[in-house]
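Visitor: I have a model open and want to walk through its chain. Please take my questions one at a time.

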Amino acid sequence: GVLALIAWRILRLAGLRGDLRLALASAALAVTVVDIEPVQATLWWGQINVLLMALVLLDLLRPSGSRWRGIGLGLAAGIKLTPLIFLPYLLLTRQWRASAAAALTFVATVVLTWPFLPRDSGWFWSHLGDTAHISRIDHLANQSINGFLARFFLPAARPEWLWIAVSLAVLGAGLAAAAWAHRRAEPALAVVLVGLTGCAVSPFSWAAHWVWFAPAVFWL
């Protein structure tokens, strides 16, 4: 249902009329993309990647003047840090109000939940750069730049500087492409590009994290 809602929103932005035919097309597209690996993996492993993607995408695809735009992104980042990559995109495209709303909402999720789980919160924020509790970075399922380089250099350790340099280059290229799409009045493409870029530069990206391929299919 969430995938169909995303398809509906993207097709509406493309200028299609919101009628029964569009509803049927959106449902058909949603069923189709269930067959791509990231969506399958999300379902197999009981993950929430599709829901987080929807929270971000449906929030940022609202009209630019929407009062509450950015709050959905902030909530998604409060649940999982990776959506924070959308903050530099909003700043780069001068979407000041949405970026401020997202940042304030994210900070609020941290501050308001800390008293309920102080020990877990303290551990989490003091181990941000440590992926050992997830798995080895050379795990085959780590489909990020970091994972690729770790496997490429096995059995030696991959150079830390190389991962940082390549990731920064990809981050710059991805944000530049997203800004270009935004200027050409293609907000759905812009958001999808940022989502895919985030998966590439994240220290650890399971296959299930790449659900951004689903809205990419819808946009195409």
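Visitor: Where does Arg-94 lie?
Guide: This is a predicted model, in which local features need pLDDT of at least 70, side-chain atom pairs count only at pLDDT 80 or more, and totals for chains, interfaces and linings use all residues. Residues are numbered from 1 along each chain as its sequence is written, and side-chain values use heavy atoms, with hydrogens and water left out. Helices here are DSSP runs (H or I, at least four residues), numbered from the N terminus. Arg-94 falls in the loop between H6 and H7.

Visitor: Is Arg-94 buried or exposed, and what is its phi?
Guide: Buried means under 20% relative accessible area, exposed over 50%, and partly exposed in between (1.4 Å probe, protein chains only). Arg-94 has a relative accessible area of 66%, so it is exposed. Although Arg-94 is not a glycine, its phi is positive, at about 60°.

Visitor: Which loop holds Ala-185, and what is its phi?
Guide: Ala-185 sits in the loop between H10 and H11. Its relative accessibility is 62%, so Ala-185 counts as exposed. It is a residue other than glycine, yet its phi is positive, near 60°.

Visitor: What is the omega of the peptide bond from Leu-154 to Pro-155?
Guide: Pro-155 is in the loop between helix H9 (145-152) and helix H10 (160-183). The bond from Leu-154 to Pro-155 is cis, with omega near 5°.

Visitor: What span does helix H7 reach from its first C-alpha to its last?
Guide: H7 covers residues 96-113, which is 18 residues. The expected span of a helix is 1.5 Å times one less than its number of residues. That expectation is 26 Å for H7, and its reach is close to it, at 26 Å.

Visitor: Why are the buried residues of H7 on the same side?
Guide: The buried residues are Ala-98, Ser-99, Ala-101, Ala-102, Thr-105, Phe-106 and Thr-109. An α-helix has 3.6 residues a turn, so residues three or four places apart point the same way.

Visitor: Which exposed residues does the face of H7 turned away from its buried side carry?
Guide: Start with the cover. Contact means heavy atoms within 4.5 Å, and what covers the buried residues of H7 includes helix H5 (71-79), helix H6 (86-92) and helix H8 (118-126). The face turned away carries Trp-96, Arg-97, Leu-104, Val-111 and Leu-112.

Visitor: What is Tyr-89 in contact with, leaving aside its neighbours within four places in sequence?
Guide: Tyr-89 is in helix H6. Its relative accessible area is 2%, so Tyr-89 is buried. Ala-179 is 90 residues away in sequence, yet 7.2 Å away in space, C-alpha to C-alpha. The contacts of Tyr-89 are Gln-95, Leu-175, Ala-178, His-182, Ala-190 and Val-194.

Visitor: How many residues of H11 are buried?
Guide: Helix H11 takes in residues 187-201. Its 15 residues should span 21 Å at 1.5 Å a residue, and its end C-alpha atoms agree, at 21 Å apart. H11 is mostly covered, and its buried residues number 13 of 15.

Visitor: How many salt bridges does the structure hold?
Guide: A salt bridge is a side-chain nitrogen of Lys or Arg within 4 Å of a carboxyl oxygen of Asp or Glu. One of them pairs Asp-59 with Arg-62, with the closest N and O atoms 3.9 Å apart. Asp-59 is buried at 4% relative accessibility, while Arg-62 is partly exposed at 31%. The total for the structure is five.

Visitor: Which residues do salt bridges that share partners join into one network?
Guide: Arg-17 bridges to Asp-19, with the closest N and O atoms 3.4 Å apart. Asp-19 also meets Arg-21, at 3.6 Å from N to O. Asp-19 is partly exposed at 22%, whereas Arg-21 is exposed at 61%. The network joins Arg-17, Asp-19 and Arg-21.

How values were computed
Helix = DSSP H or I, 4+ residues; strand = E, 2+ residues; numbered from the N terminus.
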